[in-house]
Structure formats: structure tokens, C-alpha cells
Amino acid sequence: MLLLDLLPGQLRELWNTWGIYMLALVSFSLQIVLTLFGSRRRYIPGIRIRFTVWFAYLLSGSVVKIIMGKLTTIQVKHTEQQTITTELMALLAPLLLVQIGNPDTITAYSIEDNRLGLRQLLSLLFQVGVVVYILIRCWTNSPLSLLYLPSFLAGIIKYGESVWALKSALWNSGLTIEDIDQEENALALFQKLSEDITGLEFILKAYYRFNCLKPHLENWLYQPFYESLSWMSIDAYSAEDVFRITETELGFMYDMLYTKAPIIYSWIGCILRIISFSSLAFTLFGFTFLLKKGFISHTDVGFTYSMLIGAIILEVYQILLLPFSDWAIIEMIKHHDKPFVMPCLRVLAPRSHKWKRWSNSLAQFNLVDFCLHDEEFKFSRILKFRGMDMKIRKQYSRTRVDFPKTLKELMVQEMKEVDIERGSKPITQRGQWALQRYGCLNPDFKWSVKRDFDKSITIWHIATDICYHSDVQCDTSNSQIEMSRLLSNYMMYLLAMRPHMLCSTTAKIIFEHTCTKFLTFLRTRQSTIKDEYEACRILSTEELAAKDSDSNRKKETMVTSKWHVLKDAQRLARNLMDKENRWLIISSVWIEMLCYAASNCPADHHAEQLKRGGGLITHVWLLLAHKTDKFSTSD
């Protein structure tokens, strides 16, 4: 109130008269943003859409609470004009309750929101109590007051759906009879599938693989029996189909954690959706019938009518989207003997492969290119003081490329080799198996994969670049060279921008130390080094100093002391250049490192990656998890 007292008289009067309506419009606009973009972040990477969804998600609840607070203080007068105005404002309260429930496309912004299910339940009880207080206070026994009831019912259902989805996302009820029955019925469903409908088998297999493994539950202590069943295996599928099934599985995981899909595609959710939509439609028709003459002459009537129309349009839009989902196809398969179901499947299933479930791209970060284009930004001193300069420079240096089919084939082939080496045990090696397979587990190479993981990534990344520019210049480039470099740049991206995915606590120190050393190397040869090729050529041929000066040693940390990163990278690159099959070695080592990082990264980090457009490391994690015995202990 103190802030309002500081406003000029006209602005204060404008706020008192139109404040509720302006805030209601803001709230409705935020709901439109969440409805349209809430689920698109699964396949659109980048900070813009994340910021948009984050801003709308956080602000929507706060704006509604402000409006609720203002509605509790509206003056209740007994004149006919004021009574209608009061009733119309009170009708906004249950409509706002509908908005608090959030659209189907987003219930949680991050994985932490799912852990606040109990808090959301308490918030639901409190908000319902506030709405009940507003409605009782403004009740006049008029026909218009009766419209409070259906709109209030719709609000409770929508908010309840959201709380239910949050509460059940991470709920671990243990193995139930229903789970066993579902698995027993799975084979029968596969046998009844019509072979002429493409796409059904992939979605059904992805669903049951997801349902058995439940990768989003860390404490799910059930060993799926499907591992021994041929009809659930995907080993015989092409690489393209393997990744297609995996991305569908991750789509189910995303929906389980961040949307209402598991709720609205159940029979209870279907009934609740019918009731809530019918309640809103009844409120709209009743409002239209009672106040059909006041839309133009009465501003309050026109505004409330517009809010009702908007709520109905959003609800219809979400209902129209329901069939275009993997969950809908699963339910249709389960009820394939019902009328009109098979024709729907014949239309939807073949089109399902075009649905976007992740970005289908690889993030790329090249250390050599980053150091070559080391330019200061405007206000760099301020950014550096705030510790933001390096983050911004990394963002500008990061790029994305499409995930090529050739790399998928290489990944599947090499991961089979990793599975042969490990059996069903967790992955404990990060390059040793690959080196051993090619007869390189000797003093020339073994040291490079025995370093700390972040150091090994850095050394192999620079060495890969040196080999890449050497072979490309000699016109010996092939697809495996390009795929190896894509993997190298992707692993450096994880180190530079997603170190938590590598479970590394020293990644930032290692990265900044390497940048410092490389920049020093470039500045002492500024006249000769103009591009990446020249930098890599000189780095591979010129002898580097084995020791740093005393002034440089004083700047070292305990993590980087006595570590000569460029010297190590040069040594590894020279050893690789002596091997004719170097690109087989390099690609195998990178994929083994990626498998090690994926399997040792906590499930929560993979879940967070899903809302960032997805990532290759999360696909690898899920593929490995299906063949890892959770009860196995390493010796």
C-alpha cells in the first residue's frame, strides 16, 4: 500500500479501477505462453525458450496470488450495479484457480519441483480456501452466483491434476501386481499388432522398456525380466531404429516428470477432463444466457466473457492435441478392439516418426577455436568482476550440428563392443578396453586414459584436433574422421559447459588452465598462427618447453601443478600419428569415455538434460541402463 500511496492520483485511480483486469490479462497471457511453449523445450535447445518458459512458469503463480489478494478486499455493496460488478469479479477467482493448475504441457519446470508435491498440496488447500472465502463473501443468491459452482469445480480439477502429476512423478510404490500383469500382457499385444501399420512396434516396445526400467526412479529395485526376452530386445534393429526407440523412451520419461500426460491418459484423467471441460462450457453458456445484453454496455461483463472464451479456447486446443502423442497411441493399442480405434491408429502411427521428441542435434565446443577467437566483450571488466565473462564467451563459442546417421551407426557398433567387455556390470573403464582391443594398452597410450577424467578428455581433445587437421590437409579424410571430431567436440562441450554431467569437481580449473596455456602458446607465435590448422601443425611439430617459468608455477593450483597439458597432447598426437588405424582407436576411445560419463552421471542430471532439448549422453545412458544389473557390485 505504501508504494501505491507514492503513485500520482490518476495512476492510483487507474490501478484501483483496472488493476485486477490488467493482472488477469497478464496471467492469461502467461498461460498462453506455457501452453504453446511448455513442451517445446524438449526439442528446442537454447537459453531463449528456457528463459521464456521459466519466466512464465514462475510469474504465473505469483500474479494469480496477487489477484486473489485483491479479490479478498473488493467492496461488497447492495446497489444493483455494484452487485453485478462484485459478482463478476468473484467469478474471476475460480477461473484463476483453473490457471494455477497450469496447462497439460508443463507441471514442473525442473526436477526439483516434483519433490515439492506436498507443498503444492498445501498450496492447493490454501488457494481453495481463499476462493471459497471470496465466493461466500460475494454470494447473492442470484442466478449469476450459481455459476460459481461449475467454474469452481473446474478449477479444483485442473489444480488437482497438476498436484497429482507432481506428486506421482517420483513416487516409488515398488513392484505391484499391476506391473506384473502389464508385462504378461505385453507379448499378447505385440502378437496382435497389425504388421502393415508402421511405427506401432517402436512405440509399444519403447513404452514397455520404459515401464519396466523406470529410469527416472533411482530407487526402483526391480530387475526387469524382459532382458532375457527376445521380443523386448533391440539388438537386431538398425542404428536409426535403436535411437528412435530410445528417444521415444526418453519422451515418456520427459512427460512423466514435466507434464500431465500420465494423468490425462488414464481413465480417471479422461473422466476428470470431461467434467472440467463440461463445467467450463456450462459456465460460459449460462453466463451468455444471463448477461447476453450486457456485453457491449457493461465493460465488466465483456471482460469476464472474454476470459471465459479464452479459457474454453485453451481447453479445446489442449484436447485437440491429445491424440497426437505416444501416450495416446499406447492407449489405442491397449483398446484396439474398440470401434474406430484401428482407423485412428492407421492414421496416427505412420506419422509418429515425424513427431519431435528431442533436438536431434549435437552441441559442439572446440577448445582450439575458442582460444584463437579470444576477444574481449564490451564491459568485459565488469563481466569479469562478476565472474560472467568466461560463461558468456563459452556461450558464443558453442555451436550445434545435426546428429548424423553415420555417427548413430558408429555409436551402436562401438557400444556393442563395450557391452561385450563389461557384461552386465557398471562401466569402470574410460578408454582402456578400446586401447586393449587395438593392442595399444602399452606405455605409449595407457597413461593418457589413466589421468583424471577431465584431464584425459582435454588431452585427447587437443590430440584429436592435431590428427584431424593433419589428415584433412593430406586429403585422407573419411566419415570416421569427421565422426571422431564430432565426438571430441561434444565431450569438450560437456567439460566446458556441463561439467556436472561428467561428475567432475575440477573441470572448471582444468579448462581455464588449458586455455591459459594455449593462449600463451598462441601469443608467442602470433605472427605465424592464423587459423586452427597452423596452430595444430606447429603444436605437433615444434618441441615444447618441459618446464614452466617460476612466475608461471606460482600461479598453478594443486590440481594443475606439474601437469603440462600441451606437452601431453603433443605426445599423444605423435603416438597416434604412427598408427594407421588411428581413427578407429580415437573413435573407440571417445565412445568408451562417453559411455563411462553417461553411466556414472546421476539420473537427475539426465532428467534435467531432457528439458534442455535432450542430449547424446542421455541416450547413451538409457541404452546402457537397460543392460546394467543394478544389483551387480564391482570387485
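## Helix H15

Helices here are DSSP runs of H or I with at least four residues, strands are runs of E with at least two, and both are numbered from the N terminus. At the start of H15, the backbone nitrogen of Trp327 has a side-chain oxygen of Ser325 within 3.2 Å. A polar contact is a pair of N or O atoms within 3.5 Å; within protein, one must be able to donate a hydrogen and the other to accept it, and residues adjacent in sequence count only if both atoms are side-chain atoms.

## Basis and overall composition

This is a predicted model, in which local features need pLDDT of at least 70 and side-chain atom pairs count only at pLDDT 80 or more, while totals for chains, interfaces and linings use all residues. Residues are numbered from 1 along each chain as its sequence is written, and side-chain values use heavy atoms, with hydrogens and water left out.

The protein has 31 helices and two strands. Of its 635 residues, 53% count as buried. Among contacts (heavy atoms within 4.5 Å) with a separation of 6 or more, 81% join residues 24 or more positions apart.

## Helices H25 and H26

Helix H25 (residues 507-523) and helix H26 (residues 532-541) have axes that come within 11 Å and cross at roughly 95°. H25 is therefore roughly perpendicular to H26. Axes are lines fitted to C-alpha atoms, for helices over the stretch in contact, and angles run from 0 to 180 degrees between N-to-C directions. Angles under 35 degrees count as roughly parallel, over 145 as roughly antiparallel, 65 to 115 as roughly perpendicular and the rest as oblique. Phe518, Phe521 and Leu522 of H25 meet Ala535, Ile538 and Leu539 of H26. By class, this contact has six nonpolar, no polar and no charged residues; Ala, Val, Leu, Ile, Met, Phe, Trp, Tyr, Cys and Pro count as nonpolar, Asp, Glu, Lys and Arg as charged, and the others, Gly among them, as polar.

The buried residues of H25 include Phe518, Phe521 and Leu522, as well as His513 and Lys517.

## Two buried helical residues

Ser588 is placed in helix H29 (residues 582-600) and counts as buried because its relative accessibility is 2%. The side chain of Ser588 reaches the backbone oxygen of Leu584 at 2.8 Å. Leaving aside neighbours within four places in sequence, Ser588 is in contact with Glu414, Ala434, Arg437 and Tyr438. Trp433 is 155 residues from Ser588 along the chain, and their C-alpha atoms are separated by 8.9 Å.

Gln99, in helix H4 (residues 80-100), is likewise buried, at 8% relative accessibility. Not counting residues up to four places away in sequence, Gln99 touches Ser27, Phe28, Gln31, Val64 and Met307.

## Positive phi in two loops

Most residues other than glycine have a negative phi. Phe340 has a positive value, near 70°, and is placed in the loop between H15 and helix H16 (341-348). At 70% relative accessibility, Phe340 counts as exposed.

Asn360 also has a positive phi, near 55°. Asn360 lies in the loop between H16 and strand S1 (361-364) and is partly exposed, with a relative accessible area of 29%.

Key: Buried means under 20% relative accessible area, exposed over 50%, partly exposed in between (1.4 Å probe, protein chains only).
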